[in-house]
Amino acid sequence: MIKAIRGTRDLLPPDTALWNFVEAAARDVFHAYNFQEIRTPIFEETQLFARSVGEETDIVSKEMYTWEDRGRGQSEKGQSLTLRPENTAGVVRAYVEHKLWDRGLNKLYYIGPQFRRERPQKGRYRQFYQIGAETIGPSSAGSESPARDAEMLEMLATFLNRLGINDWTLELNSVGCPNDRAVYNEALRKALEPVVDKMCGDCQRRAVTNPVRVFDCKVPEDQPIIEKLPRISQFLDEGCRKHFQEVQEILKAVEVPFTLNERLVRGLDYYTRTAFEFTHGALGAQNAILGGGRYDGLSEALGGPSAPGIGFAIGEDRLVLALKESAEAVARKPDVYIAPFGPGMDREAAKIAHELRRHDVVAELGDESFRLKKSLETASKMNARFALIVAENEVKAGAFALKNMDTGEQVSVPRAELARKIQSSR
Ligand code: AMP
């Protein structure tokens, strides 16, 4: 038997109703903040991720699905391609490629699968889904303003609350600008020098290549050392300090609670200034439902103009896990099971089903070969609210027997009134 690949899974009904519920809520909330949808390809040139996410990150150094495409001719070497491990790089590539600033498109959201070859466990998959958004644009459009950061964070709080997830924590930090980072990196390197040989292999590598990544370390023995390292807040310049302060002031004004977490450095190399994560207690170790931050230099790194930006990615798999709502509660059950009864009735039933569905009635259709008892049993098994009997007498009379499956009550309803009658009792 062929099975789904480890780390991937099938999303089945009724769970898919929950996924649709989450996605519909996201679209609704994001549209209210004037975000519009973008869909980028699920594979891109490998270079895109190496340059944006960063060579030294775990994602690029060990988690990407990368392959060499076939060349066009026999001698031609194929391009190196990669399944996208995240979507910000693709969005910023599209922003630069299509000069979206010319069209005033600076608020974009996406929903779709991402791929990382991580160790699968509860809440962590190799094909997982993210819902994300980016605010990006020239400084003249205000894209650098702390108001954009606060707007995005407030939108996320609104979205989570809308889903009934109220017990989230927003963790906030500022990782400064490249200048601050250079000074900070130097300070970290110095502080790490005397202690690094007591740390894990990953940290020893990070200490040389990209010291801030030491804060990603999850090895328990390394934590006391990491706790004592200098913090970025001591190295922020005046501009970054003010920016961060203003983000916090607006959040207070709109009553979005947050806590400061100075260890929060986030995955991308290009993150600048604001970095954030929303966590949720019920998810255990994999408790981050979403993360994001500012990336003021990313457009330039991808060959575009200066275009400060900020974005986030919500882990949809984890968000669905955290939902109190049950799939049954949001799944739409059939309103009516149409039971054709007797030869030639499939045709009549098909006509009625067509009429009802046009009026947004969820209709399931039986078969004229079924006995009435079987039809009613089927209707009850699929939790249809009504059964509608379509037999020769009914067709002649132009009125049909409509049985309420809850109460057992049966009434005769004229054809033209069927849709209204079925809908009115929803
Ligand atoms: P990142 O792109 O790493 O900042 O992740 C953003 C969010 O995506 C995280 O907070 C998680 O909720 C989710 N996420 C990241 N990796 C995975 C994964 N392998 N499986 C499921 N969700 C993930």
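**Entry 1: the ligand shell**

I began with the classes of the residues around the ligand: the shell divides into six nonpolar, three polar and five charged residues. I am working on a predicted model, and I keep that in mind throughout.

Next I asked which residues come nearest to the ligand. Of the 14 residues around it, I noted Arg-116, Glu-118, Tyr-125, Arg-266 and Ala-288 as the nearest.

I then looked up where the shell sits in the fold. Strand S6 (127-136), strand S10 (288-294) and strand S11 (309-315) each supply at least two of its residues. S10 gives the largest share, with three residues.

For Leu-290, I read 3.4 Å between a backbone N or O atom and an oxygen atom of the ligand.

How much of the ligand does the protein bury? Taken alone, the ligand exposes 480 Å², and I see that the protein buries 87% of that.

**Entry 2: helix H1 against helix H5**

I turned to a helix pair. Two packed helices are described by the angle between their axes and the distance between the axes, so I looked up both values. Helix H1 (residues 15-32) packs against helix H5 (residues 146-162) at an angle of about 145°, and their axes are 10 Å apart. I also checked the hand of the crossing of H1 and H5, and it is right-handed.

Which residues make the contact? From H1 I listed Val-22, Ala-25, Ala-26, Asp-28, Val-29 and Phe-30. From H5 I listed Met-155, Thr-158, Phe-159 and Arg-162. Sorted by class, the contact of H1 with H5 has seven nonpolar residues, one polar and two charged.

**Entry 3: backbone details**

I finished with two spots in the backbone. Is the peptide bond between Pro-13 and Pro-14 cis or trans? I find it cis, with omega at about 5°.

Arg-273 is not a glycine, yet I read a positive phi of about 50° for it.

How values were computed. Residues are numbered from 1 along each chain as its sequence is written. This is a predicted model: local features need pLDDT of at least 70, side-chain atom pairs count only at pLDDT 80 or more; totals for chains, interfaces and linings use all residues. Side-chain values use heavy atoms; hydrogens and water are left out. A residue is near a molecule or strand if one of its heavy atoms lies within 4 Å of it. A polar contact is a pair of N or O atoms within 3.5 Å; within protein, one must be able to donate a hydrogen and the other to accept it, and residues adjacent in sequence count only if both atoms are side-chain atoms. Accessible areas come from the Shrake-Rupley method with a 1.4 Å probe; for residues, only the protein chains shown count as cover. Helices (H or I, at least four residues) and strands (E, at least two) are DSSP runs, numbered from the N terminus. Ala, Val, Leu, Ile, Met, Phe, Trp, Tyr, Cys and Pro count as nonpolar, Asp, Glu, Lys and Arg as charged, and the others, Gly among them, as polar. Axes are lines fitted to C-alpha atoms, for helices over the stretch in contact, and angles run from 0 to 180 degrees between N-to-C directions. A crossing is left-handed if the near helix is turned anticlockwise from the far one by less than a right angle, and right-handed if clockwise. Contact means heavy atoms within 4.5 Å.
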